[in-house]
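Subject: A structure for you to look at

Hi there,

Here is the structure I promised to pass on. Please open it next to this email, and take your time with it.

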Amino acid sequence: MEKMNSAVERMKMLVGMEVDEEEASAQQSDSFIDDFNRNCTLSTTQRFYGFAICLASGLACTLLSMLVFFNPIKFGIAFTLGNLLALGSTGFLIGPKRQVTMMLDPVRIYATAIYLASIIIALFCALYVHNKFLTLFAIILEFGALIW
């Protein structure tokens, strides 16, 4: 029975639900992320709706970017927007604080740094530099970090 209770508590934490009110009040701190996380309380249904809408929008942008594949600048913008929406969709499921914590985990820190840097580089090359080769290179880096 104890294993069942711990499994239920882990599932609650995974979707961002409070496990115990006393533990939650004892762990409150004054950091910006904690304040932000406390103010972003959504029901489970709202979380799933937000997840589904962001994921569907992200997949739509990513798939629609294939239509402009031979124009790397438009492709870079659409593909990067799709990836950002898909990344934001998981924030609805597990919460922004837990997502950032998981992304900054020592195992994932290099992939996260390369992924975020390649998103910034891709948007910079597509919007300001207008260089097709640099944009395509940044998109390849972005895709590689995403797979990693």
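This is a predicted model: local features need pLDDT of at least 70, side-chain atom pairs count only at pLDDT 80 or more; totals for chains, interfaces and linings use all residues.

Residues are numbered from 1 along each chain as its sequence is written, and side-chain values use heavy atoms, leaving out hydrogens and water.

**The whole chain**

The protein chain has eight helices and zero strands; helices (H or I, at least four residues) and strands (E, at least two) are DSSP runs, numbered from the N terminus. Of its 148 residues, 24% are buried, where buried means under 20% relative accessible area, exposed over 50%, and partly exposed in between (1.4 Å probe, protein chains only). Looking at contacts (heavy atoms within 4.5 Å), 62% of those between residues at least 6 apart in sequence join residues at least 24 apart.

**Helix 7**

Helix 7 covers residues 109-129. Its buried residues include Ala-111, Tyr-115, Ile-119 and Ala-122, and the buried residues of this helix pack against helix 5 (72-94), helix 6 (96-103) and helix 8 (132-147). Just after helix 7, His-130 takes a positive phi of about 60°.

**The core**

Which residues form the largest nonpolar core? They are Phe-75, Phe-79, Ala-122, Ala-138 and Ile-139. Helix 5 and helix 8 each supply at least two residues of this core. A nonpolar core here is a set of buried Ala, Val, Leu, Ile, Met, Phe, Trp, Tyr and Cys residues joined through side-chain atoms within 4.5 Å. Leaving aside residues up to four places away in sequence, Ile-139 touches Phe-75, Gly-76, Phe-79, Thr-80 and Ala-122.

**The rings**

There are four aromatic pairs in the structure. Rings of Phe, Tyr and Trp (its six-membered ring) pair if their centres lie within 6.5 Å; planes under 30 degrees apart count as stacked, over 60 as edge-to-face and the rest as tilted. Phe-69 and Phe-75 have ring centres 5.2 Å apart and planes at 80°, so they are edge-to-face. For Phe-75 and Phe-79, the centres are 5.5 Å apart and the planes at 20°, so that pair is stacked. Phe-75 and Phe-79 both lie in helix 5, four residues apart, about one turn of the helix. Phe-69 is partly exposed, with a relative accessible area of 40%, whereas Phe-75 is buried at 4%. Ring pairs link Phe-69, Phe-70, Phe-75 and Phe-79 into a cluster.

Happy exploring!

Methods. The expected span of a helix is 1.5 Å times one less than its number of residues.
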